[in-house]
Amino acid sequence: MNDAGPARLPAAARRAGIIEAADAEFAANGLAGTRLEAIAARAGISHPRIVQMFGSKRKLFLEVVHAAYDRIEAAFGGAEPTLAALGVAYVRLLQSDPTVGLVVLQAYAAAADEPVREAVRRRHLALMDSIAGLTGADALRVRTFFATGLVQTVSTALELPGQRADTAWSAWILDLADPAGDS
């Protein structure tokens, strides 16, 4: 019989487990609706340990939001540098990792909280700049791409049937902004 109890995880693994648990909880319940106790239970640790590691629920939420934006950027980084290819990569990401879209939507919903609004604004604008840099698209095309992405995010989150969440539909919207398809 071993009295040592469960093995302690390295700090990085414990932190990753908390962020994974927080990702699921924040995606489902948002900043205001998520309890640290629920994250702790999901991660198999104590609530005070989360506070010790992250300082506050808001700081943990922002780490989850930043991780979602990082996953979006990684998906874009692996795609051909055209708006159409980035759109396909984004839809694939949403379908393979549904919490990404939900966390982004929850980040927008939490924008009444000033520190959240500022952090999300910075990430949103940086992603817009990144897309413009990758594709050479002008401001109108980038805004149209983001508008289409928001519709894709909502369509995927709501599991809308038919053409509402497919990439051909998104390409049609992008074509409205630039019929020549230069980007």
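Residues are numbered from 1 along each chain as its sequence is written. In this predicted model, local features need pLDDT of at least 70, side-chain atom pairs count only at pLDDT 80 or more, and totals for chains, interfaces and linings use all residues, while side-chain values use heavy atoms, with hydrogens and water left out.

Helix α2 (residues 36-43) packs against helix α3 (residues 47-54) at an angle of about 100°, and their axes are 8 Å apart. Helix α2 is therefore roughly perpendicular to α3 (65 to 115 degrees). Helices are DSSP runs of H or I with at least four residues, numbered from the N terminus; axes are lines fitted to C-alpha atoms over the stretch in contact, and angles run from 0 to 180 degrees between N-to-C directions. In this pair, Leu36, Glu37, Ile39 and Ala40 of α2 meet His47, Ile50 and Val51 of α3, a contact being heavy atoms within 4.5 Å. The contact residues comprise 5 nonpolar, 1 polar and 1 charged (nonpolar: Ala, Val, Leu, Ile, Met, Phe, Trp, Tyr, Cys and Pro; charged: Asp, Glu, Lys and Arg; polar: the others, Gly among them).

The two residues below are classed as buried (under 20% relative accessible area) or exposed (over 50%), using a 1.4 Å probe and protein chains only.

| Residue | Class | Relative accessible area |
|---|---|---|
| Phe61 | buried | 0% |
| Glu159 | exposed | 69% |

Phe61 belongs to helix α4 (residues 57-77). Not counting residues up to four places away in sequence, Phe61 touches Phe26, Leu31, Gln106, Ala107, Ala110 and Val116. The C-alpha atoms of Phe61 and Val116 are separated by 8.7 Å, although these residues are 55 residues apart along the chain.

Glu159 lies in the loop between α8 (139-157) and α9 (167-177). Its phi is near 55°, a positive value in a residue other than glycine.

Key:
Helices (H or I, at least four residues) and strands (E, at least two) are DSSP runs, numbered from the N terminus. Angles under 35 degrees count as roughly parallel, over 145 as roughly antiparallel, 65 to 115 as roughly perpendicular and the rest as oblique.
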